[in-house]
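Visitor: I'd like to know what the labels on a model really rest on. Can you take me through them one at a time?

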Amino acid sequence: MRALTLKLARDAWRTRAQVASIGLVLAGGVLCVMAIRGAASSLTRARDDYYRQAHFADVFASLTRAPDEVARRLAAVPGVAGVAARVVKDVRLDVPGLDRPATGRLISLPAPGTDDDHIDQVSVLRGRGIAAGSDEEVLVNGRFMEANHLSLGDTLTAVINERRARLRIVGVGAAPDYLYEEAGGGMAVDERSFAILWAPAALVTYATGMRGAFNDVALELRAGARTAEVIGAVDSLLARYGGRGAIARKDQLSHRVVQNELQQLGVMGMAFPAFFVGVAAFLAGMVLTRLVATEREQIAVLKAFGYSNGAVARHYLAYAAIAVALGIVVGIALGTWLGRRFTSLYADILRIPGLHFRIDWGAMVIAMAVLSLATLAGAARAAFRAARLAPAAGMQPPAPARYGALLLDRLGFGDALPAAARMVLRGLERHPARAVLGATGVAAALGLMSGSLSLYDASRRMIDIQFRIGHREALAVHFINAVPATARASFAALPGVTHVELTRMVPVRLHHAGHA
């Protein structure tokens, strides 16, 4: 082995704790980029592919009731490429093994081969599709199936307009407009108590009494169409039919939740690695500076035997490169494992077909380059100091620091403080850069810790406001259909009830400064 290579191996082994500390910090940065950016790119790619394959609509609107003729008028709006009119109604479900009623969102499926069959297509993830002519088969979302331990072929009893209907599960479905499943807005719901049910249009329209009518519509736009103009035209057409205001895809609840998750991943994928970059550069510079200070005589001997300044500088930069290589290897291994865990969580919640973890090599190459350059830049000052050290100077102990009156002494407070305090303050004043970097590192660590822990505090505060101040009831009962106010007496007569409060919730449309 070459002399410098052997020396490098011995130095790295002798200071393996310091090398490992730098490498682990770098591994943290690589891990964050690998896991967070990889999960984000995987989710984005799977979402976009699914949206494209399922023809996710561009405009959505809900209303009270409109005849099918209105759907044909909507299709004639300039910029509209397709219209999917359907019936959507929340019904009560009796689920085997569930000790309370569940809510099912019944959604009518268009007949195969119709013009609106391709918009917001429902994918069959397991089982089969609904047979032609069937009036009792349904597709159910996967989370509800798994939470209630249901199997294909099981039956559910739905109460639709005070009539009971038996529904048989033939498949597990997924749709782009229900990647995030909720029961009317607000906080997350119990997955055991809320189901998405896709059923034949004939069954839904007959059970709800909406033959020849619809109360929900999705529109696909042509390329280059102005979304705002289409929304205005849709609102004008649906105003007399109880239209609640059309919204663009960016405001659709399921898409907005997914987009917010991607934005959060993007912020974390940039912020977290930045902390590791700064800490790694600081550690590399500090460790190499101390190493060079303890090897002055060895550096002088190397120079005396003819090693050039460049060879000496590369030798100490190689010391930092070992830590970089260690951090990259460990970071890729841990980041791949954690990225798969992240992606599996999103796959379990969102159920996007084809979602699996893929490494974002573009982001990884950039991250590894930035982390490597930052670490080597932190070590460069110490390496260049070793290269500039003359052989004669290296054989002598370092010159003592130049001392003089400091600010503390000039202000007349030097003798008023204990010796230990004066030493600390003088050390800070003589080495301001080191003090600032150390304080910055501590501040970054505290900021990272407090920012992460604040999520728990914010969640507890939100829960406290929601359930101790806003909703103080012990039990809440929701009705799909309106009930008379005389029901108060029935609830008040129940054993253990001390107070009953009736509320009425109706959707409204708000206007402000030209916005709706």
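Predicted model: local features only at pLDDT ≥ 70, side-chain atom pairs only at ≥ 80, totals over all residues.

Visitor: Which residues line the second largest pocket, then?

Guide: There are 26 of them, and Met286, Thr289, Arg381, Arg434 and Leu437 lie nearest the pocket's centre. The volume of this pocket is about 890 Å³. Helix 7 (253-294), helix 10 (361-388) and helix 14 (432-470) each put at least two residues into the lining. Helix 7 gives the most, with 11 residues. By class, the lining of the second largest pocket splits into 15 nonpolar, seven polar and four charged residues.

Visitor: What makes a space a cavity and not a pocket?

Guide: In a cavity a 1.4 Å probe fits but cannot get out, whereas a pocket is open. The structure holds one cavity of 30 Å³ or more. About 60 Å³ of space lies in the largest cavity. Of its 13 lining residues, Gly173, Ala174, Tyr178, Glu181 and Arg351 are the closest to the centre. Strand 8 (residues 163-174) gives the most to that lining, with three residues.

Visitor: How is the lining of the largest cavity divided by class?

Guide: Eight nonpolar, three polar and two charged residues.

Visitor: Why is Asp235 called buried?

Guide: Buried means under 20% relative accessible area. Asp235 has 13% relative accessibility, so it counts as buried. Asp235 lies in helix 6 (residues 227-238). Leaving out residues up to four places away in sequence, Asp235 touches Gly245, Ala246 and Arg509.

Visitor: What makes a group of residues a nonpolar core?

Guide: The members must be buried, of nonpolar types such as Leu or Tyr, and joined through side-chain atoms within 4.5 Å. The largest such core has 35 residues, and Ile22, Leu288, Ile299, Tyr316 and Tyr319 have the most contacts inside it. Helix 2 (16-54), helix 7, helix 9 (309-350) and helix 10 each supply at least two residues of this core. Helix 10 has the largest share, 10 residues.

Visitor: Which residues is Leu288 in contact with?

Guide: Setting aside neighbours within four places in sequence, Leu288 is in contact with Tyr316, Tyr319, Ala320, Ala379 and Ala382.

Visitor: What makes strand 10 mostly covered?

Guide: Nine of the nine residues in strand 10 (residues 213-221) are buried. Strand 7 (residues 155-160) is mostly covered too, with five of its six residues buried.

Visitor: And which residues stand opposite Val159?

Guide: Arg92 stands opposite Val159 in strand 7, and Val159 stands opposite Arg164 in strand 8. Strand 3 (residues 88-94) pairs with strand 7 over three bridges, and six bridges join strand 7 to strand 8.

Note on methods:
Residues numbered from 1 in each chain as written. Heavy atoms only, no water. 1 Å grid on protein atoms, 1.4 Å probe; cavity = no way out; pocket = protein on both sides within 12 Å on 5 of 7 lines; lining within 4 Å. Points joined across faces, edges and corners; volume = space filled by probe spheres on them. Helix = DSSP H or I, 4+ residues; strand = E, 2+ residues; numbered from the N terminus. Nonpolar A, V, L, I, M, F, W, Y, C, P; charged D, E, K, R; others polar. Buried < 20%, exposed > 50% of the residue type's maximum accessible area, 1.4 Å probe, protein only. Contact = heavy atoms within 4.5 Å. Pairing = 2+ DSSP bridges.
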